[in-house]
Amino acid sequence: MLRRFFAPAPPTLDGAFLEIRHDGAVYRVALRRSRAARRFTLRVRAGARDVVLTAPARASLCEAKSFVERHAAWVGARLKRLPEVVPFAPGALVPLRGEPHVVELARLPRGRGPVMATAAAAGAPPRLLVGGEAEFVPRRLRDFLVKEARRDLEAAVARHAGRLQVVPRRIALRDTTSRWGSCSAAGTLNFSWRLILAPPFVLDYLAAHEVSHLVHMDHSPAFWSVVGRLIPDHEKAEAWLRANGTGLLRFGAQEG
């Protein structure tokens, strides 16, 4: 399979890996081939918590392995610097709209959904109460967060789109690891549901950013002028994402 990876076609083959050893640890590196690549590129992806090597189309497996082995120390250091995973489980601290909430199992009132957020009271932190058995907590909490993200994003998009007199085709939520938002040529706005973990001003900025692409499908000065009309202090949200965005990917992520 690894020999086929560097055959003339196809340009990429998912599922091929190299294993390298360094300082007593074994690291698994996914191989990707790109016809556009002119050199080897090694990435540690915080969201997926994995390592990917992108190689030129004509590179050999021997060259790929040699490149990875030369950078084994770098791979190990980057993986060790990844934020610790916070599972969706009872006792975990999970942010909702930027405020840490304690996840708790609870018997919820009849007629309420499977998850309920409570405000801080009597010196206790706010809580995310999850009904049912512990095994259902990850799925129920994730579903709740996605639902809350959709509600906030739809409201923010509607507000900004109304100001610009544009109409998005639809809004889609995903668990992306490289982009917080995007706008397709057809007018579909895509967002990471994890924006609900960030402070509201961050989510609001991302909504304004992508709505502005319905006016200018680029990042030209004209585009940023539109963003500035909607969010005059958008640099604040960008700075928050640069400093804290990667940390949002650890919540609900899986170990290993």
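The dialogue below takes up several features in turn.

Q: Before we start, what kind of model is this, predicted or experimental?

A: This is a predicted model, in which local features need pLDDT of at least 70 and side-chain atom pairs count only at pLDDT 80 or more.

Q: How do I read the nonpolar core, and which residues touch the most other members?

A: The idea is to look for buried nonpolar residues that are joined through their side chains. In this model the largest such core has 69 residues, and Leu53, Val94 and Leu145 touch the most other members. Helix H4 supplies the largest share of this core, with 10 residues.

Q: What is Val94 in contact with, once its neighbours within four places in sequence are left aside?

A: With those neighbours set aside, the residues in contact with Val94 are Phe88, Glu99, Pro100, His101, Val103, Leu128, Leu145, Leu197 and Phe251. His101 is also in contact with Thr118, a residue whose other contacts beyond four places in sequence are Pro126, Arg127 and Leu129. Thr118 belongs to strand S7, and Thr118 counts as buried because its relative accessible area is 18%, where the limit is under 20%.

Q: How many disulfides does the count give?

A: The test is whether two cysteine sulfur atoms lie within 2.5 Å, and by this rule the count comes to zero disulfides. As for individual cysteines, Cys62 is exposed, with a relative accessible area of 62%, whereas Cys183 counts as buried at 14% relative accessibility.

Q: How do I describe aromatic rings that pair, and how many aromatic pairs are there?

A: A pair of aromatic rings is described by the distance of the centres and the angle of the planes. The count here comes to two aromatic pairs. One of them joins Phe223 and Trp224 at 5.0 Å centre to centre, and with 75° between the planes the pair is edge-to-face. Phe223 is buried, with a relative accessible area of 0%, while Trp224 is partly exposed at 27%.

Q: Which ring does the charged end of Arg28 sit over?

A: For such a reading one looks at the distance of the charge from the ring centre and at its direction relative to the ring normal. The charged end of Arg28 sits over the ring of Phe17, 3.7 Å from the centre of that ring. Lys236 lies over the face of Phe201, at 4.4 Å from the ring centre.

Q: What is the phi of Ala122, and where does this residue lie?

A: Although Ala122 is not a glycine, its phi is positive, at about 50°. Ala122 lies in the loop between strand S7 (115-118) and strand S8 (127-130), and it counts as exposed at 87% relative accessibility. Gln165, likewise not a glycine, has a positive phi of about 60°. Gln165 lies in the loop between helix H4 (137-164) and strand S9 (170-174), and at 75% relative accessibility Gln165 counts as exposed.

Conventions:
Residues numbered from 1 in each chain as written. Heavy atoms only, no water. Helix = DSSP H or I, 4+ residues; strand = E, 2+ residues; numbered from the N terminus. Buried < 20%, exposed > 50% of the residue type's maximum accessible area, 1.4 Å probe, protein only. Core = buried A, V, L, I, M, F, W, Y, C linked by side-chain atoms within 4.5 Å. Contact = heavy atoms within 4.5 Å. Phe/Tyr/Trp six-rings, centres within 6.5 Å; stacked < 30°, edge-to-face > 60°. Lys NZ or Arg CZ within 6 Å of the ring centre and 35° of its normal.
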